[in-house]
Amino acid sequence: MGSGMSMIPQSQGRSALEQEQFLKILSREEALARFEAALFPRALPSETRKLAAALGAALAEDITAPIDVPPFDRSNVDGFAVRSADLATAGEGAPRRLALNAETIHCGTVPRMQVAAGTATPIATGGPVPRGADAVVMVEHTQPAGSDAIDVRRAVSPGQFVSYAGSDIARGEALLRAGTMIGSREIGMLAACGIAEVTVARKPRVAVISTGDELVQPGEALAPAEIYDTNGAIVAAAIDENGGEAIFLGAIPDDEAKLEAAMRRALEDADMLVLSGGTSKGAGDLSHRIIGRLGQPGIIAHGVALKPGKPLCLAVCDGKPVVILPGFPTSAMFTFHDMIVPVLRRMAGLPPRSDAKASATVPVRIASELGRTEFVMVSLVEGKNGLIAYPSGKGSGAITSFAQADGFLRIDALADQMPAGTETEVTLFTPHVRVPDLVIVGSHCTGLDLVTAQLAHAGLTVRSIAVGSLGGLAAAKRGECDLAPIHLFDDKSETYNTPYLVAGLELVPGWRRMQGIVFRKDDTRFEGLSAKDAVAAALADPACIMVNRNQGAGTRILIDRLLGGARPEGYWNQPRSHNAVAAAVAQHRADWGMTIAPVAHAAGLGFIPLAEEHYDFALVTARKDRPAVQAFLTALGSDEARAALERAGFRPA
Ligand code: AMP
Ligand code: MG
């Protein structure tokens, strides 16, 4: 990092702007129907596995119980096998004496003697009930009467404490159905019936290839303009989660010959091939062209009216599904779950995945593109009247849009928006709604994690949704969060935050963050200057480029004051975070900007302090007594959190 930006690698012959049109965009339903019609019905290969090796596999056939479980009438308690008729008149004041038979039935003992009227046989839990007996009386409910008799002071009903043969599993009963995924409970049922081997569907082997010149595998160093291959790891894991066996073949550069060789090699061995990236039909995007040469019938759908995921490409090459997922991780994951998982599960012999749903209200208007079914990832929090679904603000390029969402909502292809307040159905990624214990909505700060760490260690779940100070304040007013972190400067009173509070909200002081000018340490233009003079020096040099902040950011107010109406080069570059400002300066995209001290120092940049900003919390008073809120307030005031904040460069209030 920190070196020039002039070295963006250019792919051979690639022109990103030159795009072929998608020939025919299919609806999601049409694309899936054609894909499935080209693949099914098909024979699913199966294999026999020992029970211990069957975990996670799908049963290939129904299993019928070969024996009764338990195999004999069995005592459930330690006590005496009796004839219930003998005890019909027994009671507290009228004990009935029974003579003991001369045997004791332990587990694994075959009874030899019959229980005749007026007698009882000692029996252990799990012992077979002897001939003649029809019930068991617990040892606690008897008293010894000499060495060869007992007194019983209560009546017993026929069958008491006896598990009859076949009462658990009856011979001939359907034990497990084909398609059941074998877990520890299924293994237990099979073992109870004495079954040592099962026939399971052979897991489909799915080759995974990432494509792109920019991709680097995790664990390796990142050069300028490179990114880590996210899709490879996440797609391989999702394949394993859905009954497949992923074979990850790494990232292949955008080179037609290399890619074709890799795809051919993959298809020799695998039952299915999943690629990601390179589907957008730019000149450098090759995989879909190669597919045409790999087998029949080839491409089934290229371009689906789906957002995220429009460039999805579905193909079948000589019976094997070949899929190209879009490159953006959230698009790749979403289309994989929505369109590929159904096919993979069928190939793995598993039943369709059942998705749990929940009803929730959207707190803000969500704009949508006409003509495409749009899926919006959402985080769920508990509101005053039920669940609230916060859309992930991060778009399809963000891995966290998918990974941190609780589920997604659907906006119809014919709608151009979903208005604020709409009640809608959310499809969950997990079987149940997980409502977090503490909800923080507002401006994000790395210092926040240092405080909430204590809550996480105490087993409390914290959901932090970054929507900026004003968005957080609005959420707090609607009662949709516990706390809204804000850093809002009021020009009139020249104070932070307090003037923005309304009835029902109270201020909890957080910490101070030093705002200042960042520059590269080797840039002598700014050395030794005050913030004011540094900005004057920047304005005086036409070659100097700034990086600004987004409208509404507390930092932006400070920048605009310093600039006093000037609009230098770079003014319209307005990223939304402190880190983006530091990255722009470190990577020579800009020469100066304003950020907070901890971020400047972490990026190894020079820093000229300007003013301390107050990062506080608007607390919803009505939610103050919730245990998680109290835990947060305790953590915030703790020596541990204060020390951690100071180490990171913040000043606790
Ligand atoms: P593409 O479809 O190849 O044009 O890629 C679209 C976007 O997704 C680009 O920003 C790529 O860098 C990114 N991308 C492609 N493949 C991956 C991957 N395996 N991991 C992370 N990002 C990717
Ligand atoms: Mg690419």
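I began with ligand 1 and found a backbone N or O atom of G278 at 2.7 Å from one of its oxygen atoms. I note here that the model is predicted. I then looked up two further backbone contacts. A backbone N or O atom of F328 sits 3.2 Å from an oxygen atom of ligand 1. For G327, a backbone N or O atom lies 3.3 Å from a nitrogen atom of the ligand.

Next I checked how far the ligand is covered. Ligand 1 on its own exposes 490 Å², and the protein buries 81% of that. I asked which elements give two or more residues to the shell around ligand 1. They are β13 (205-211) and β15 (227-228).

I counted the surroundings as well. The ligand has 17 residues around it, and the closest are E214, D229, T230, G278 and G327. Sorted by class, I have ten polar, five nonpolar and two charged residues in this shell.

**Core**

I looked up the largest nonpolar core, which has 37 residues. F35, I239, L314, L325, F336, M339 and I340 have the most contacts inside it. Helix α6 (residues 329-347) supplies the largest share of this core, ten residues. I also checked the domains: domain 1 (3-43 + 202-347) and domain 4 (357-428) each contribute at least three residues to the core.

**Cis peptide bonds**

I recorded a cis peptide bond between V69 and P70, with omega about -10°. P70 is in the loop between β2 (63-64) and β3 (74-75). I recorded another cis bond from K307 to P308, with omega near 0°. P308 belongs to the loop between β19 (306-307) and β20 (313-317).

**Positive phi**

I noted F161, which is not a glycine but has a positive phi of about 60°. I place F161 in the loop between β9 (149-152) and β10 (162-163). Its relative accessible area is 29%, so I list F161 as partly exposed.

I noted H588 too, a residue other than glycine with a positive phi near 65°. The loop between α12 (578-586) and β36 (592-596) holds H588.

**G295**

Last, I looked up G295, in the loop between α5 (287-291) and β18 (297-302). Is G295 buried or exposed? I count G295 as buried because its relative accessible area is 9%, and the cut-off for buried is under 20%. I also took the C-alpha separation of G295 and R205, which is 18 Å for residues 90 apart along the chain.

Conventions
Residues are numbered from 1 along each chain as its sequence is written. Chains are lettered from A and ligands numbered from 1 in the order in which they are written. This is a predicted model: local features need pLDDT of at least 70, side-chain atom pairs count only at pLDDT 80 or more; totals for chains, interfaces and linings use all residues. Side-chain values use heavy atoms; hydrogens and water are left out. A residue is near a molecule or strand if one of its heavy atoms lies within 4 Å of it. A polar contact is a pair of N or O atoms within 3.5 Å; within protein, one must be able to donate a hydrogen and the other to accept it, and residues adjacent in sequence count only if both atoms are side-chain atoms. Accessible areas come from the Shrake-Rupley method with a 1.4 Å probe; for residues, only the protein chains shown count as cover. Helices (H or I, at least four residues) and strands (E, at least two) are DSSP runs, numbered from the N terminus. Ala, Val, Leu, Ile, Met, Phe, Trp, Tyr, Cys and Pro count as nonpolar, Asp, Glu, Lys and Arg as charged, and the others, Gly among them, as polar. A nonpolar core is a set of buried Ala, Val, Leu, Ile, Met, Phe, Trp, Tyr and Cys residues joined through side-chain atoms within 4.5 Å. Buried means under 20% relative accessible area, exposed over 50%, partly exposed in between (1.4 Å probe, protein chains only). Domain bounds come from an automatic or database domain assignment.
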